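This report concerns charged side chains and the contacts between them. Please consult the sequence and the model shown here.

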Amino acid sequence: MGQVDDEQIIGEDFSDTRLDGQEWNGRQFVRCTFRDADMSGVRTDSVVFTECDFTGTDLTESIHTNSAFRSCTFTRTNLQHSTFRHSTMMGSVFVDSRMRPATYDEVDFTLAALGNVDLRGLDLTGCRMREANLVSADFRKATVRSVDFAGARTVDAKFDEADLRGAVADPSLWVSASVRGAKIELMQAVAYAGAHGLVVEG
């Protein structure tokens, strides 16, 4: 496995491997398997994971900066107390994973599958969730200011008491998701009214 940076690793199996505390820079992992691996405390900078399997992986307290997880699988993955900054999860799938508490700073979840995930109370300000599957996702009391939800599937998603100010949303979000007690701006209120067939006059 080595500690060499700026290398490309293709199709390697790291299942059940202890990788905790390692620091990786500029590496590329393609179709690698990290099933049940211990990656707690791992630090990545400008690392790219493509179509990698993180089923059962321990990623607690890991820190990822300018890194990419493209079309990866996160099933029963532990992401608690992890940090993702200016990174992308584009097209990745999350199933029964522990995603809170954690820090997601300007993370791109475009096309990601986040159905049924628990994101309650998280600060997701500035993240992107364009065309993501958010069916039955739980955003209650989360801060989702300026999040881009364009094209996202939000049927039965819960945004109760969430801060939605500045978020970009299709009309479908206002009718398919629960937004009881959510904070919104005036223009969003107009969009909400329009989505419910109301006519707002000056």
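Arg100 is partly exposed because its relative accessibility is 30%; buried means under 20% relative accessible area, exposed over 50%, and partly exposed in between, with a 1.4 Å probe and protein chains only. The model is predicted, so local features need pLDDT of at least 70 and side-chain atom pairs pLDDT 80 or more, while totals for chains, interfaces and linings use all residues. Residues are numbered from 1 along each chain as its sequence is written, and side-chain values use heavy atoms, without hydrogens and water.

Arg100 forms a salt bridge with Asp118, with 3.3 Å between the closest N and O atoms. A salt bridge is a side-chain nitrogen of Lys or Arg within 4 Å of a carboxyl oxygen of Asp or Glu. Asp118 is partly exposed at 25%. A network of salt bridges links Arg100, Asp118, Arg120, Asp138 and Arg140. Within it, Arg140 pairs with Asp138 at 2.6 Å between the closest N and O atoms; Arg140 is partly exposed at 33%, whereas Asp138 is buried at 10%.

The structure holds 9 salt bridges. One of them joins Arg35 to Asp53, whose closest N and O atoms are 3.0 Å apart. This pair links distant parts of the chain, 18 residues apart. Arg35 has a relative accessible area of 35% and is therefore partly exposed, while Asp53, at 18%, counts as buried.

Notes:
Helix = DSSP H or I, 4+ residues; strand = E, 2+ residues; numbered from the N terminus.
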